[in-house]
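Visitor: I would like to go through this model with you. Could we start with one side chain and then turn to the whole chain?

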Amino acid sequence: MTLPVAAEQVSVTAAPRVTGVVRVDLRTETVEDNVTASLTRTDVAVERREVDRMLAPGEELPRIRTVDGVTIVPVLEERLVVETRSFLKAELLITTTTLSEDVATPVTLRRQTVEVTRTSAPDQAQRGPISSQPGEN
């Protein structure tokens, strides 16, 4: 003889239910500001000074030299005088001047802030700004 045995079965379903709403507002602001920087400029002045002096036989050719911050560059020319001799035709006097100046340039900076609104029940809202700046909440 066979006895029937009863068995129960369970079926579980989940129904979506809204328990709250989150709203995120993102705002971008622009701020005008000045950027200050120190610029360095070097000015160079070149002056030509005529010398027109014949070098003595065996005299060493003049070299580029610096005297009291002025660089002197000799300009040589050969002239035919029964024999070839070097003449110091001119010198270039190069003076270097360095200037520094502070300049301010306007720039546009952007900053974003976020505002989060949470609603946990139909008539209750929690609002508070959240900033994207480090160290702010």
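Visitor: What is the length of the polar contact that joins the side chains of E91 and R49?

Guide: The model is a predicted one, and in it the side chains of E91 and R49 are joined by a polar contact of 2.3 Å.

Visitor: And which polar contact joins E91 and R65?

Guide: A polar contact of 2.8 Å links the side chain of E91 to that of R65.

Visitor: Is E91 buried or exposed?

Guide: E91 has a relative accessible area of 5%. The cut-off for buried is under 20%, so E91 counts as buried.

Visitor: Where does E91 lie?

Guide: E91 is part of strand β4, which covers residues 83–121.

Visitor: Leaving aside neighbours within four places in sequence, what is E91 in contact with?

Guide: Its contacts are E47, R48, R49, V51, R65, I72, V73 and P74. R49 and R65, from the polar contacts above, are both in that list.

Visitor: Now the whole chain. How many helices and strands does the chain have?

Guide: The chain has five strands and zero helices. Along the sequence, the pattern reads β-β-β-β-β.

Visitor: What share of the chain counts as buried?

Guide: The figure is 9% of the 137 residues. E91 is itself a buried residue.

Visitor: What share of contacts between residues at least 6 apart in sequence join residues at least 24 apart?

Guide: That share is 64% for this chain.

Conventions: Residues numbered from 1 in each chain as written. Predicted model: local features only at pLDDT ≥ 70, side-chain atom pairs only at ≥ 80, totals over all residues. Heavy atoms only, no water. Helix = DSSP H or I, 4+ residues; strand = E, 2+ residues; numbered from the N terminus. Buried < 20%, exposed > 50% of the residue type's maximum accessible area, 1.4 Å probe, protein only. Polar contact = N/O pair within 3.5 Å; in protein donor to acceptor, adjacent residues only side chain to side chain. Contact = heavy atoms within 4.5 Å.
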